[in-house]
Amino acid sequence: QVQLMESGGGLVQPGGSLRLSCTAPRSIFSAATMGWYRQAPGKQRELVATITTRGNPNYADSVKGRFTISRDNAKNTVYLQMNSLKPEDTAVYYCNAQRQILGIQSDSWGQGTQVTVSS
């Protein structure tokens with residue numbers, strides 16, 4: 001099973017910043033659109049941001065202008081820089097690697113990292 005390794009979650013005050021990191025096996029990372037999703041208690045998992053192999057980002061409206069996704073292809077790592085955090089950003093954040101294998105979408109997930117925004 002593909003293992004995506006996440007790090008960087010924690011407790012931060014409103015208005016603060018955190019950076020999440022996720023490392024994937026090279027064979028996966030090089031061919032995948034990488035992304036971050038989040039799931040708050042009692043809610044469905046939702047898209048936060050994705051970045052293609054060419055470095056094109058996409059963001060949920062709720063995080064535009066506050067979050068930045070980036071990828072370091074030399075380190076097989078994707079980052080999510082989160083600024084101006086709000087209590088409603090509190091959730092478990094999951095790293096995702098999405099590939100097309102013989103025309104079929106294949107998704108791999110990390111185990112999740114908790115982000116809590118609270119004073």
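This is a predicted model: local features need pLDDT of at least 70, side-chain atom pairs count only at pLDDT 80 or more; totals for chains, interfaces and linings use all residues.
## Getting oriented

Helices and strands here are DSSP runs, numbered from the N terminus.

With a relative accessible area of 40%, S84 is partly exposed.

L102 isn't a glycine either, yet its phi is positive too, at about 55°. You'll find L102 in the loop between β9 and β10 (104-109). Is L102 buried or exposed? Exposed counts as over 50% relative accessible area, so L102, at 83%, is exposed.

## Inside the core

Now for the largest nonpolar core, which has 30 residues. The members that touch the most others are M34, W36, V78, L80, M82 and Y93. Several elements supply at least two residues each, including α1 (26-29), β4 (33-39) and β8 (77-82). Which strand gives the most to this core? That's β9, with four residues.

Take M82 as an example. Skipping neighbours within four places in sequence, M82 is in contact with G16, S17, L18, L20, R66, F67, Y93 and V115.

## A look at V48

V48 sits in strand β5. Its relative accessible area is 0%, so V48 is buried. Beyond the neighbours within four places in sequence, V48 is in contact with several residues, among them W36, F67, L80 and Y93.

K64 is 16 residues away from V48 in sequence, and their C-alpha atoms are 9.3 Å apart in space.

Terms used:
Residues are numbered from 1 along each chain as its sequence is written. Side-chain values use heavy atoms; hydrogens and water are left out. A nonpolar core is a set of buried Ala, Val, Leu, Ile, Met, Phe, Trp, Tyr and Cys residues joined through side-chain atoms within 4.5 Å. Buried means under 20% relative accessible area, exposed over 50%, partly exposed in between (1.4 Å probe, protein chains only). Contact means heavy atoms within 4.5 Å.
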